[in-house]
Amino acid sequence: MGKKLVNKITIVGCGPGSKKHLTGLALQRIKNADSLIGSKRLLDLFADTDTDKYTVNRNYKLLIMRIISLSKRKKVVVLVSGDPGFFSYSKLIIDKVGIENCEIIPGISSVQLAFASIGKTWNDACFVSLHGRKDEFPMLVKKVKEYKKVAVLTDDSNNLKLISKGLLSEGIRGRTVYVCENLSLKMERIRKFKLSSLQRVQVRGLNVIIILEENSSSS
Ligand SMILES: C[S@@+](CC[C@H](N)C(=O)[O-])C[C@H]1O[C@@H](n2cnc3c(N)ncnc32)[C@H](O)[C@@H]1O
């Protein structure tokens, strides 16, 4: 058990990005915060509140020290995208300070909204994140070979082009690919392709890729 902090650190899952996808409890915690910490994209959702705001950068060690130090005097709310339990830096905070010093507020994950948008279940899916994790590509290949339904988080360089080229070069064929872009946001776009016809497809912004085995009877 870690050292008890004066104020618990609240980690709020902000959903895929639009304010209307925030839960009531998330909004309540954000309203009662003294300090909000998050990416510029998430902090901009609350531009109309005069709560102190701190933008995160990629130096997570420094970020966690700042959160701990602020929590001595203030009610700190850390904003994370989607759900805190799904590929998020909330794990680093919990590992550092202990769950007894944290409150976790779930949010709607981008993958939940992606599956809802294409009308498919996700209880039978498996997940891979290539977001900042190029090394996970072999895991993606393994999962696509083994499972009929795989959802992938991407980033600017570990993107659709890389995925389609890589899967085809591994001899994978006969898959349907849904490209779910900017979910809940202004430029939202959901498109369906065959794996073999993806090479010229352009993608902009945040996206989740869902790879299904064709003729799969799964819903
Ligand atoms: C660091 S991960 C965080 C995932 C988050 N915890 C969740 O539950 O959705 C960021 C990745 O999630 C996906 N993502 C987040 N928001 C999205 C959105 N609005 N539309 C499409 N994909 C999104 C993208 O693949 C993005 O690169």
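**Ligand site and domains**

A: The ligand sits in the largest pocket. Keep in mind that this is a predicted model.

Q: Which residues come nearest to the ligand?
A: There are 18 residues around the ligand, and those that come nearest are Pro 16, Phe 86, Ser 110, Thr 154 and Asn 207.

Q: What does Ser 110 do with its polar side-chain atom?
A: That atom lies 2.7 Å from an oxygen atom of the ligand. For His 131, a polar side-chain atom is 2.8 Å from an oxygen atom of the ligand. Ser 81 uses its backbone instead: an N or O atom there lies 2.9 Å from a nitrogen atom of the ligand.

Q: And how much of the ligand does the protein bury?
A: The protein buries 92% of the 580 Å² that the ligand exposes when taken alone.

Q: What's the shell like by class?
A: Around the ligand, 9 residues are nonpolar, 8 are polar and 1 is charged.

Q: Switching to the chain. What domains does the assignment give?
A: Domain 1 covers 9–108 and domain 2 covers 111–213.

Q: Which of them does the ligand shell draw on?
A: Each of domain 1 and domain 2 supplies at least three residues to the shell.

Q: How many residues are in contact between domain 1 and domain 2?
A: On the domain 1 side 9 residues are in contact with 12 residues of domain 2. The centres of domain 1 and domain 2, taken over C-alpha atoms, are 27 Å apart.

Notes
Residues numbered from 1 in each chain as written. Predicted model: local features only at pLDDT ≥ 70, side-chain atom pairs only at ≥ 80, totals over all residues. Heavy atoms only, no water. Near = heavy atom within 4 Å. Polar contact = N/O pair within 3.5 Å; in protein donor to acceptor, adjacent residues only side chain to side chain. Areas by Shrake-Rupley, 256 points an atom, 1.4 Å probe, with all protein chains shown as cover. 1 Å grid on protein atoms, 1.4 Å probe; cavity = no way out; pocket = protein on both sides within 12 Å on 5 of 7 lines; lining within 4 Å. Sits in = over half its atoms within 2 Å of the grid points. Nonpolar A, V, L, I, M, F, W, Y, C, P; charged D, E, K, R; others polar. Domains from an automatic or database assignment. Contact = heavy atoms within 4.5 Å.
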